[in-house]
Amino acid sequence: MKFENWMALKFISENKKKIILPFLAIVASTVLIFLSITLKASITKTVEKDLRTMGKNSILIGGDSITSKDIAFISSIPDVDYYFYPDSFKEDDEILFKGYPNELLKKMNLPELRDRDIILDKTQFLNKRIGDRVVFYINGERKEFFLRGFYEELNPLETMKVGKRAILSQSGFDSNVVKYDYKRVLIVFKESAY
């Protein structure tokens, strides 16, 4: 063995702590950079997709309060495809409940829902079947729902949120989860309208 190699091995064996910590720092930094690039790419892709779908055929309207008269007027406009309240969600008992109008559920290829119908994220409720009765405790009160279908959340920003996800109709959300005084509504126009 050459003298230089022997000296290097002796130095490494005597200074293990001094060598291991910088090595671990380099490995950890590399992993963090890789994860941040991957997460950024995923988020960028999702945001671009969402912006493209919102694009030039949607508008966000806000005010002191969005009333049922406002929604009736919006729904009466022939070029309106659908609307929804971006603030129509609530977490309770580790379940994230979301309310969507039936027009939007149709666009998402989901079944139309009545007040006590529910759709669950299929990756989180593996032991449930369509037609099951599902019980949740909302605001401390027992509520029973009829499982009408499943969906899969693909938005990485949504999947990072704590809790399981459930979708109700807007009227079902308002009557079973919480009745908000909505201040914003997103209106999406038909593609042929512009």
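Colleague: Why is T123 called partly exposed?

Modeller: The relative accessibility of T123 is 43%. Buried means under 20% relative accessible area, exposed over 50%, and partly exposed in between (1.4 Å probe, protein chains only). T123 therefore counts as partly exposed at 43%. As for the basis, this is a predicted model, in which local features need pLDDT of at least 70 and side-chain atom pairs count only at pLDDT 80 or more, while totals for chains, interfaces and linings use all residues. Residues are numbered from 1 along each chain as its sequence is written, and side-chain values use heavy atoms, with hydrogens and water left out.

Colleague: What makes the pair T123 and D121 a polar contact?

Modeller: Their side chains are joined at 2.8 Å. A polar contact is a pair of N or O atoms within 3.5 Å; within protein, one must be able to donate a hydrogen and the other to accept it, and residues adjacent in sequence count only if both atoms are side-chain atoms. T123 itself is placed in the loop between strand 5 (117–121) and strand 6 (133–138). Strands here are DSSP runs (E, at least two residues), and helices are runs of H or I of at least four residues, numbered from the N terminus.

Colleague: Is D92 buried or exposed, and how do you know?

Modeller: D92 is buried, because its relative accessibility is 13%. It lies in strand 3 (residues 89–92), and its side chain makes a polar contact of 3.5 Å with that of K90.

Colleague: Which residues beyond its sequence neighbours are in contact with D92?

Modeller: Leaving aside residues within four places in sequence, D92 is in contact with F97, Y137, I138 and N139. Contact means heavy atoms within 4.5 Å.

Colleague: What makes a set of residues a nonpolar core?

Modeller: The set must consist of buried Ala, Val, Leu, Ile, Met, Phe, Trp, Tyr and Cys residues joined through side-chain atoms within 4.5 Å. The largest such core has 23 residues, and F97, I118, L120, F136 and V185 have the most contacts inside it. Strand 6 gives the most to this core, with 3 residues. A second, separate core of 12 residues includes L104, I119, I167 and V188. In soluble globular proteins, nonpolar side chains tend to be buried together.

Colleague: Why is I20 called partly exposed?

Modeller: I20 has a relative accessible area of 44%, so the term is partly exposed. I20 is placed in helix 2 (residues 16–54).
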